[in-house]
Amino acid sequence: MTTPVVGNQRTLGFSQPEPPPPLRKPRTSLKVRNALIGWTFILPNFLGFAVLTLTPVITLFYMSLTDWNIFGTADWVGLDNFARLFGDKSFHIALGNTLYYAALHIPITIIVSLALALLLNQKLRGAAFFRTVAFFPYITSIVAVAVVWNMLFSPEFGPINQFLGMFVGGDLPGWTVSKDWAMPAVIIVGTWKDMGYYMLLFLAGLQTVPTELHEAARIDGAGAWQRFWNVTLPCLRPTMFFVTVMVTIQSLKVFDLILVMTDGGPGQATLVLSQYIFQKGFEQFQFGYASAVAVVLFLICILVTVVQFLYNKRRDA
Amino acid sequence: MNRKIMSAFGVAAAASLALTGCGGESEPEAPEGPVTISLAGWDFASTPEFETLADAYEEANPDVTVELKEYPAGDDYDTALTADLSAGAAPDVFIVKNLKNYVTFTDGGTLLDISDVAAELDPETGGLEPMAVDGVTYAVPYRQDSWLLYYNKELFEKAGVDLPDGSWTWDDYAAAAEELTEGIDEKSVTGTYLHSWQSTVQGFALAQTEGAALDGGDFSFLAPYYERELALQDGGAQPSYATVTTNELTYQAQFGTQKAAMMPMGSWYIGTLVAEQESGAAETFEWGIAPIPQLDESTTGTENTPVTFGDPTTMGINAGIDESKVETAKDFLRFAAGPEGAAALAGIGITPALIDDTVADAIFSLEGVPQDELSRFSYTTHETLPENPVGQNTAAIQTILGEMHSAVMSESTPVDEAITEAEERVANEVG
Amino acid sequence: MTARTSPFRRFGRVLLYVTMIVAAAGIMLPFAWMVISSLKLNNQVFTAPVQWIPDPVQWRNYVDIWVKADMVTWVRNTLVVSVAVTFLQVLTGSFAAYGFAKMRFPGRDVLFLLYIGTIAVPWQSYMIPQFQMLSSWGLNNTLWAIMLLQAFGAFGVFLMKQYYESIPDSLSEAARIDGLSEYGIWWRIIIPLSVPALASLTIITFVQTWNDYLGPLIYLRERPLWTIQLGLQSFIGEYNAEHALIMTGSVLSVLPIALIFLLGQRYFVQGIATTGVKG
């Protein structure tokens, strides 16, 4: 790695007053130049993104306003698909389940992965090994993950219930084959699988926390908790924003895991929106309607993201 | 390694078939000059049927080349084919694998009208007639499996239970399953095995119950079938649905390694079991096939025709096919769904839609297939009704019934409540 | 940590390690099951109750998968696609992120929300329009399609942008005054400071492409083009499945990634402080 040559920035720093940006009133030509340079950075990625992702996504939005069985022509139906959502009980169930999953999966995953990152960011013997272990669930084939967890959860033969049976009498949870316990089971596995992934992102963020700030706080007599709260967390804010948005979106979009673990069952106990989209689109060929569900899912994600975005911006300012 | 042996088994069988003179020999109005048509199939390594049909046809029509395009197996076939159809990239001839998608395919204009081909086929061809939508046929069946009862003779003897004799109703079957479980008296060996698919309960109920219809809005006909299966799993005569799904049990292992004395399963399993016994993947034991148990005595006994279910697998022509190839493609369909195709398929242990004596002879001449009378009767005689009757709403209804199946079998929801719920959902969401 | 270790502290350490080792064992259980299953006969993979010790041990699964299946081809295709996608994603993503993080121009935030917005749309809902588009260019049934699908995603841009924002502006301001262009700042200052984020983005993109199933499923029709996941799925036939071989293939497919991850450790935790620059 090359070490960047950064000259005495502390002495030079004052010539450009640090904050606040709004005070800076650059001339128009500078503004234009800045915009142009900004765009040159973005353009290579944006070209690919606009053509390969944005165009199909816009098509999807259009399709949500049509009746389309994928093969024939798409007939314009206006907002009919959205009107139909109001009366569609399965959609309501899928929406409820999705929110249920997200409501638990988001906070638990953030806490667990942050704790893991903090623990494994220390100079521990074998930290490299443990980091790899924590990352393993993310790289293990999802089919194997589903198979093993299903076996662990097996009500009759599974080790989890055998273990629980030693402490509690009476009815044990039926886990993935019980209406009430299937969702908690899926959330546990979801968290287990994702924690290494988000740990990695937090770990990257933790590297930006200046060690001298920690030292200073320690000298000031701050305890571990205070240091975490007053030093680590504020420095981690951009990463925290990123992780929160990603966990939120990924949780609301959860698909593969549910598909291989419970396939939405038993009954509709773990049916989620992404799966409902697939069901309507690829099993029943109602692509227009499936697109409308996708748009709703998108709107929920965007709503949450914008709230997080604004909140983050306000704290930045 | 299984599949190596399985295909070796197929080749040997085809060779023996050719010797007995069943090879394809047809004189259609062959188009002039060399023509190439493409055919969509899936997983060629373990599904030799497409290659067999293509080879047999090419042999009979040296001018024609049938080019195979490989798709993934299972439901992924539909996903991938759907994508190709939507982009105009699908092959000339493709398999309509799930009957429940047939109407969507025809509605979307993806299939060519082949009523003329259908008219020339033997009316006895299983599943042919319901393929006509408003008098027009868009796909013809070339293979049709039917559900049968497999049983392990040695476990029956060990338990001292009489072998099935073709007279069984479902209650007889349930009683035998309990008796077997007790008689064998071994941990993890059960009287019977029911796989987790919804068809293992609903397919029979729909086929065997008088007046039952998928789109009738009334699912009460499912109740007795579910009650019986629940009693069996609660009594330990078959692994519970919870165990089957959470431990991902495979029916091949359950029956093939003698963990279950009986098993309702499709006729495709004959070929699999023979091959697995030969390769050592399954244990060696004597087995037989019986008619699937019946709802009541009106259809039991070898003097009657037992009622079972099974969806035909059908073949259609891509509406976007090059005009110059239409005649060749139609001729290929005529061949595949006709007696020549049937003979070729039987030669590799696959049950064609058209079952005649030649087919039965071919199947039962394969090494390892049980030779008793009842097995042959079961294989050749049955009224096979579709699991997914052709209809506008079949796919949507099956989704709802599938969810009901997991709710009932996992004992999350009582049978009656689940049925009412399913009926309400069909009224609310479908149509 | 200082050197003064009281017995109490030492006990805490031991307890911590015991807990971590137990947790690690638990986390590795599914992988262990994969390994065990890969050494079994096919019909022994799924049993109730679970059989934890293979008997007999089937080492030949590890031979068969190379000899009887096209594992070599699958690995090669997967590797080609994964490397290409990772390279493009990391390069264009980290470049674009600089525009979003350090440049100010009108419409920037809206554009950025547009990027995040597409993450919020489930792929399976727009994969058909996308497939139709790529097919019309004749790219279906080519590895190019798989590369294009994932190379320009919004994820990389988002990840890098957030990371850049935690790098103090004073560094780039100073360089600007020293006469470095924006491109120079990106390459000479920001990139060297972003090693942990680049490493994370690299491994995550690589894993995602490596393990992707639905993309190859939709696009690739010919055996010579198959990826590992597609190839392994082909062991599941219509009525039968080669579970033992699937697990063998899964074990083999996980190992290279685990190895890369283990060897790349120092990049994940390379702090700004350790690069010798103080903010």
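## Chain B: two domains

The centres of domain 1 and domain 2 of chain B, taken over C-alpha atoms, are separated by 30 Å. The model is predicted; local features need pLDDT of at least 70, side-chain atom pairs count only at pLDDT 80 or more, and totals for chains, interfaces and linings use all residues. Residues are numbered from 1 along each chain as its sequence is written, and chains are lettered from A and ligands numbered from 1 in the order in which they are written.

Domain 1 of chain B spans 2-145 + 311-355, and domain 2 spans 147-308 + 381-385. These bounds come from an automatic or database domain assignment. Domain 1 of chain B gives 10 residues to the contact and domain 2 gives 12. Contact requires C-beta atoms, placed from the backbone, within 7 Å.

## Chain A against chain C

Here 83 residues of chain A meet 87 residues of chain C. On the side of chain A that touches chain C, α2(A) gives the largest share, 20 residues. Helices are DSSP runs (H or I, at least four residues), as are strands (E, at least two), numbered from the N terminus.

## Annotated segments

UniProt, in an unreviewed entry, assigns "domain: ABC transmembrane type-1" to residues 95-308 of chain A. Such annotations may be inferred rather than shown by experiment. That stretch of chain A, residues 95-308, is 74% helix and 0% strand.

For chain C, the unreviewed UniProt entry lists "transmembrane region" at several places, including 112-131 and 185-207. Residues 112-131 of chain C are 85% helix, with end C-alpha atoms 25 Å apart. Residues 185-207 of chain C are 96% helix, with ends 30 Å apart by C-alpha atoms.

Definitions and conventions
Contact = placed C-beta atoms within 7 Å.
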